[in-house]
2 protein chains.
Amino acid sequence: MIILSLTFISVGVFYFGCQQSKDAISGDVASQVYVAPGSYDEFYLFTSGGFSGQLGVYGLPSGRHFKTVSVFSQNPETGYGYSEDTKAMLMTSFGFVPWDDAHHPELSMTEGVPDGRFIFINGNNTPRVAKIDLRTFETTEIVEIPNSAGNHASPFVTENTEYIVASTRFSVPVPQADVPLTSYKENFKGTISFIALDPKTERLNLAFQIIVPGFNYDLAHAGKGPSHDWAFFTSYNTEQANSLLEINASKNDKDFIAAVNWKLAEKYVKDGKAKKMNAEYYHNYYDEKKHFAFSDVKKEVLVLDPKDCPGMIYYLPTPKSPHGVDVDPSGEYIVAGGKLATVIPVHSFSKMIKAIEEKKFDGEVDGIPVLQYDAVVAGEVQNPGLGPLHTEFDGNGYAYTSAFISSEIVKWKLGTWEVVDRIPVYYSIGHLCIPGGDSKKPWGKYVIALNKITKDRYLPTGPELTQSAQLIDITGDKMKMLLDFPTVGEPHYAQAIAADILMKNSTKFYKIEENQHPYKTNGEKEARVERKGNDVHVYMSAIRSHFAPDNIEGIKVGDNVYFHVTNLEQDWDIPHGFVVKGMTNSELLIMPGQTKSILWKPTKPGVYPFYCTDFCSALHQEMQGYVRVSPANSNVPLVYYTGNPEKK
Amino acid sequence: MIILSLTFISVGVFYFGCQQSKDAISGDVASQVYVAPGSYDEFYLFTSGGFSGQLGVYGLPSGRHFKTVSVFSQNPETGYGYSEDTKAMLMTSFGFVPWDDAHHPELSMTEGVPDGRFIFINGNNTPRVAKIDLRTFETTEIVEIPNSAGNHASPFVTENTEYIVASTRFSVPVPQADVPLTSYKENFKGTISFIALDPKTERLNLAFQIIVPGFNYDLAHAGKGPSHDWAFFTSYNTEQANSLLEINASKNDKDFIAAVNWKLAEKYVKDGKAKKMNAEYYHNYYDEKKHFAFSDVKKEVLVLDPKDCPGMIYYLPTPKSPHGVDVDPSGEYIVAGGKLATVIPVHSFSKMIKAIEEKKFDGEVDGIPVLQYDAVVAGEVQNPGLGPLHTEFDGNGYAYTSAFISSEIVKWKLGTWEVVDRIPVYYSIGHLCIPGGDSKKPWGKYVIALNKITKDRYLPTGPELTQSAQLIDITGDKMKMLLDFPTVGEPHYAQAIAADILMKNSTKFYKIEENQHPYKTNGEKEARVERKGNDVHVYMSAIRSHFAPDNIEGIKVGDNVYFHVTNLEQDWDIPHGFVVKGMTNSELLIMPGQTKSILWKPTKPGVYPFYCTDFCSALHQEMQGYVRVSPANSNVPLVYYTGNPEKK
């Protein structure tokens, strides 16, 4: 079987490639990636966590990992998804979901250039799109996407972040229905979603969806410049198989890129062409003043059917099971990574428009005209490596394509389609990233290979190995390998931005006077404990090096004890932590000026220490307290104090 | 107040130090930390995750992060603490606890030298000790510690890993009791625990505990060589304050190091001097053949009272609120890091033995004789920096002490107590680590500073910043700063070991024929679905690039669907992942040869895709399937297939 033999080819390349690499490295490379203590990296690199569900933040060229932003998965380290103030972020129409698979980080853009305001990332399994605020590096919004399953072709932004586009990977009955799986071809559909970013409120809103044939939609990119109004989506499994896809979805020589005129779709919605469909989905947002997350539950969505909307969507035939679809900085070329293709097909936006005008169609699918391949293709890159997946651009007329099976990056020239350089990578590269490489103005300088297999690249860590990236210098004619660096989770895609753009807006701490948390403690004098039936609210302050109150009595078995801890510090990098012994929850990690809340349900009488979990001062070990828990029927009165038991 | 002014001194040092560092770095340093692509690091570094609850694995000198070992906290990335096969690891007498605070990794030793078999780490909040197997880099055992609260002085091993010692940080009523917090001095006690490692089964067992006065016990180290039979524990809060400890526990000029003769304690236990105390605690272990975790619930513990056991324990007066207690490679010197002390006191083991023989006591506390300071002290290091915390040794006669407040490492000579070098670190160093630095044979070469404050060291990431380590060359007379590298969670302590010791035993994958998981699937032909009432067990196989079965019908709302996924691959670094849309759980990440199990409770009829979450081959995107869920009262029969719906 052809498929299996490709797998084995890749294994052979691994061992061959490794030796070659070691020999090729010269000593001067060290200084290119070394960032001396006290100096800063030049770029931020944002990597998707893949099956970690989070977002990684790295520095380049050092490859050092600065932060994991909690997005779709619980994070015991910070209390994200455990604390009362963050739980709502992980609510979905399926209930509380502690995990997702996050694939593609995408920086917000203005005029086609990353503007450093936000970065978006998709949740693949429970279809969602998240927005991370790059002032605080915290997730502030998550929108669930109904009528989707496997939100993979997501979240790619239009030129001014008018929309974040997102298409389903798996087709399912739309709306959901209990139907035989063998009725796939009749009953299963895909959807393409357009999530608007309100330019004033900066809030997301699922504006509309387009129903599309029941294929698998893989990746996407919006146009730019002349193609500003359009967005492009790859599909595979146009065979519409529902079992053993490795064989049954690899039969057609060409699948499709869907080209969607979103400006026209917007007009159709405005003109009332969209139908309201019942669909429950969550819209969660973190109020950065209240330091608390909230959920809105939506009940319907606007849906467009291509049959009712002529000119809105076309299919571009594209060999073969294409993965990436990437638009060059000029907005003219649309490059597909056909993972089973022997060439890299490059479509021309201007030829596409002409072909549409001239109606150069090869039939249609469910009301979607299929354009003639020859009428839209600008060129084909020959000998692009085995398994081409994804392409980015350096802004100097060159494109860089990852080849999974042959484990290499191939550099080729836009316009001539000529391969000019290739470099082996270790091993099995998926996507790649050039800083600004999907924008109108790439920074170039580096390409980062996001590899799938690590094997013998680092000291072994048992059966489970890290995923790995490689940093490659692209300033010369020949690519130069600089560094292997491990990555968190499994980065499917990454984006990078010049550091100075983010540094100027970075928040150092939260201003205590702006904190509007409903259970904030303004100062130690406000620290108190209030009982309302079985609910006990502890208004607690934390400052080097004590909590107030630090002794609490009168708590009873069966109480719901809510600790609302306000970090009163007003300086950079002085977090405090909080936990009580016997808590069946995580800790709280509280940044300066912030209030965070956690629930404790004591089950056994006794004395329970609490303490600061973040080493905050020379007397951090002294930053502790006690809660006395009495039986449910006890008469021990509510008493609390700090320092002096005589004085509350 | 003196305490607050110390805090402000440290802030002043930050900014001064930064500029100095930048100027001091010379270009040739880059090559000292650069590990070229394809080459290996020289040391493994294991860092505690602190408030992440996990263990970090790094390479030195590169500072690259290779793995986070899941220990005490849920890990959505791997399914640890979510999957059926791992849930038992996080069971405690308080129920399922998804988080802990892990402070001190400690390598197993043979004849006082790290042997590379295991690494232990403490759970601080819900007192526990974990054992990580360094063949697989997985946690295989967790023992809960009763009569403890804040398991901080833990887990330090004796010279041949006969015992892992662990003492409580917070004192509490022993056994637990609902008593006024103001009755601290009467009712609160500490405990020191000895956990035996069975040399044959390699299983842990809480052998016995010693009841000690109600102080806070901070850190520990066992003796070696001449002091083989002894273990040492620092204490603070000998004032026995229960509120505002930053003031009330900082009054005494000296606190104590507890010296415990564990050989004698062992004998007292053997002689029947220990009392059985009722105490519920969990002993969890991961069966590496069954690939499944189990819990035993223990009901009693053996407890020794010093009053009944003369000669078993002594107190060494030690200035002031000491943090670390570190025994030099010869086993003669016991170094204390008195965080509020103006000197580093070094006790002499031989003087201690002599003082005991000569009964040079200064009274006693709860039956524990207090030795005279002058009778046990070997020397005092003058001018050791502000806030000395922790000391390690290079094996060449020098000791290195971290100074938190003055943010520096101070190098001094054993025997002469003379400070010979000092280097600023950024900022607020807690512990430090020299490879093998608490053993009889340190590798020396580097000292790693584990810093508490990061501030302006890296590109900013909003209010939440990474913790940071620094790598310093100690091969010359003067320490030389090499590298800043970020760390996961908050490393309180770290240990390092030469890489070749671990590499030779590292497991690459699990042998499928040794897999004894109760729901293992040996090959695709065994893949099947079995219903038992509302429980449905899916015996599923995963191999590049499909699941078997990949289509399942006949699942009903209200079912408990257990997916038992066996990864049939037998090659290094070919994991598969598994998740179903709508799962309110994490994913499964399944290593080659392993079976893992996860529970799904479908709540709504419809069609739910599942897919592989770990990019495993060129046709990974095709590795998917569907489950059809019907209403609870439906008659849809159980049907499953792979490829051909006609053939089960």
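Biologist: Among contacts in chain A between residues at least 6 apart in sequence, what percentage join residues at least 24 apart?

Modeller: A contact means heavy atoms within 4.5 Å. In chain A, 62% of the contacts between residues at least 6 apart in sequence join residues at least 24 apart. Please keep in mind that this is a predicted model, where local features need pLDDT of at least 70 and side-chain atom pairs count only at pLDDT 80 or more, while totals for chains, interfaces and linings use all residues. Residues are numbered from 1 along each chain as its sequence is written, and chains are lettered from A in the order in which they are written.

Biologist: What radius of gyration does chain A have, and how does that agree with a compact globule?

Modeller: The radius is taken over C-alpha atoms, and the globule rule is 2.2 Å times the number of residues to the power 0.38. For 648 residues the rule gives a value near 26 Å, and chain A, with 27 Å, agrees with it. The C-alpha trace of chain A spans about 90 × 65 × 45 Å along its principal axes.

Biologist: How many of the residues in chain A are buried, as a percentage?

Modeller: Buried means under 20% relative accessible area, exposed over 50%, and partly exposed in between, with a 1.4 Å probe and protein chains only. By that criterion, 71% of the 648 residues in chain A are buried.

Biologist: In what order do the strands of the open sheet in chain B run?

Modeller: Strands of a sheet pair through backbone hydrogen bonds, either parallel or antiparallel. Here strands are DSSP runs (E, at least two residues), numbered from the N terminus, and two of them pair if DSSP finds at least two bridges between them. The open sheet in chain B has 4 strands in the order β27-β28-β29-β30, with antiparallel pairing. Its edge strands are β27 (388–393) and β30 (419–424), each of which pairs on one side only.

Biologist: Over how many bridges do β29 and β30 of chain B pair?

Modeller: Strand β29 (residues 408–413) pairs with β30(B) in the antiparallel sense over 5 bridges, and B:Lys411 stands opposite B:Asp421 in β30(B).

Notes: Heavy atoms only, no water.
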